[in-house]
Amino acid sequence: RGQSSRGGSQNDIPWLSFQHITSKSSQTRARKRLEALKQKEIHLPHAVDWGWLGNVGLEEELTPYLVKECSLGYTTITCDGWLQLFKIQESVYAELCWEFFATISFRGGSDYYNPNVISFSLGGELRQCSIAEFSWRLGIYDQSVMLTEDFEAFLENSHKELPEAVVASTWWNTIANKVYIPSTAQEGHIRSPIHRLLHRFVASTINQRKDWDKVPTLDIFYLWSIITPEAFCNIPYCIAKFLAEGAVKEKVNSKINGGMFITRLAKSYGILDLPQARALTVIHPPPFNTTLYRRARIVEKFGDSFTIPHEDEPAIPEEPGRRVRQRSERVREDPPVIPVEEDNDGWNQLEYRRYLDDIGQGVNYTNQSFEYLFQQMNIAPQPGPGYPYIMNWEERMRRRAGEGGSGTGGADMEYE
């Protein structure tokens with residue numbers, strides 16, 4: 001799953017004093033974030049041996065997904081952003097991660113050449129750049145390509161999220177077995193070993209996290225944009241959003257992710273060539289391990305070498321919500337069905353009665369909660385009637401039949 005490590009001392013790094021930030025409120029906020037970041041571990045995914053991938057035949061299988069032609073009507077450009085992203089492998093510098101994540105700000109928007117969209121502190125200076133500049137500093141696209149009108153049109157036509165016409169659960173069924181539930185979907189449900197490898201790359205880079213075997217909805221979007229031939233992702237925008245919003249969570253035990261992107265940025269600004277960089281704490285990624293690929297069924301052992309396994313057979317996904325309904329039926333019984341003349345829609349009536357029972361149960365619970373709260377706060381009850389108790393459908397039927405009530409008398413009918 002990778003490796004986590006804590007950074008060292010920041011006493012010799014003057015950049016972390018944030019003296020270059022002129023705003024006192026921003027400076028205070030950055031120092032507060034810094035103290036929280038220093039308590040977190042920095043997570044690095046395992047290194048990838050692309051030579052080994054080539055020998056096994058995986059790189060050849062990956063190429064059609066990672067290098068695609070994008071037609072812009074009047075011209076066609078070759079897009080290899082995913083390939084360049086997945087090949088990023090860098091050691092991480094703890095103090096640079098702290099400085100960056102303590103100050104990162106991302107405004108979003110659709111102006112990809114606005115120089116103030118991304119701002120952060122790195123190397124003791126406040127830096128700002130556009131999405132386009134961000135892309136070449138990370139090495140996703142060449143600087144010469146970034147300056148062309150074609151690249152601007154490409155970014156404008158690229159996706160930043162799933163289109164409304166694409167339903168995550170429906171598309172998941174085209175590549176995986178099992179019904180898609182974001183909290184339980186796993187990489188092992190994906191049928192193709194190549195698609196499983198693509199997900200492994202996604203969960204180790206643009207949506208990096210320790211539990212890379214899970215498949216949240218954001219991973220579905222990235223897989224869709226990679227696997228669908230005519231779909232393209234705005235990769236630099238998504239990386240910027242990940243670093244600003246997803247790389248570091250507020251939870252106490254959460255990790256710091258995305259450190260390799262910070263190293264790429266530092267290299268592009270020449271920060272690692274400065275004398276102060278010698279005092280930085282270096283964290284190296286864990287070595288390449290073929291066992292991870294065997295466990296994920298991306299490859300299988302064949303004598304002294306490896307081979308790519310066959311794709312899993314498609315399975316009919318189980319009906320969504322079936323287990324939930326079965327569990328609900330074990331807890332509560334269906335309300336009795338009252339014969340109705342010319343009843344051609346009994347199911348709707350049954351569901352409607354359940355709906356009314358749920359509302360009544362919720363109101364009763366709320367009323368009881370208020371009464372208990374008033375008692376705890378020593379608030380005297382107000383004059384007038386108290387909170388009424390709302391009977392469910394079965395209780396109403398028993399009351400009408402004379403069980404526990406006065407039968408079908410006027411008082412009962414008026415109450416109902």
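Modeller: Happy to! Contact here means heavy atoms within 4.5 Å. Helices (H or I, at least four residues) are DSSP runs, numbered from the N terminus. This is a predicted model, where local features need pLDDT of at least 70, side-chain atom pairs count only at pLDDT 80 or more, and totals for chains, interfaces and linings use all residues. Residues are numbered from 1 along each chain as its sequence is written, and side-chain values use heavy atoms, with hydrogens and water left out.

Let's look at α10 (residues 193-202) and α11 (residues 217-227). Two packed helices are described by the angle between their axes and the distance between those axes. Axes are lines fitted to C-alpha atoms, for helices over the stretch in contact, and angles run from 0 to 180 degrees between N-to-C directions. The axes of α10 and α11 come within 10 Å and cross at roughly 125°. The two helices are therefore oblique to each other; that word covers what is left once angles under 35 degrees (roughly parallel), over 145 (roughly antiparallel) and 65 to 115 (roughly perpendicular) are set aside. The crossing of α10 past α11 is right-handed, meaning that the near helix is turned clockwise from the far one by less than a right angle.

On the α10 side, H195, L198, H199 and V202 do the meeting. Their partners in α11 are D219, Y222, L223, I226 and I227. By class, this contact has 6 nonpolar, 2 polar and 1 charged residues. Ala, Val, Leu, Ile, Met, Phe, Trp, Tyr, Cys and Pro count as nonpolar, Asp, Glu, Lys and Arg as charged, and the others, Gly among them, as polar.

Elsewhere, helix α8 (residues 149-157) has F151, A153, F154 and L155 buried, that is, under 20% relative accessible area with a 1.4 Å probe, protein chains only.

Technical notes:
Buried < 20%, exposed > 50% of the residue type's maximum accessible area, 1.4 Å probe, protein only.
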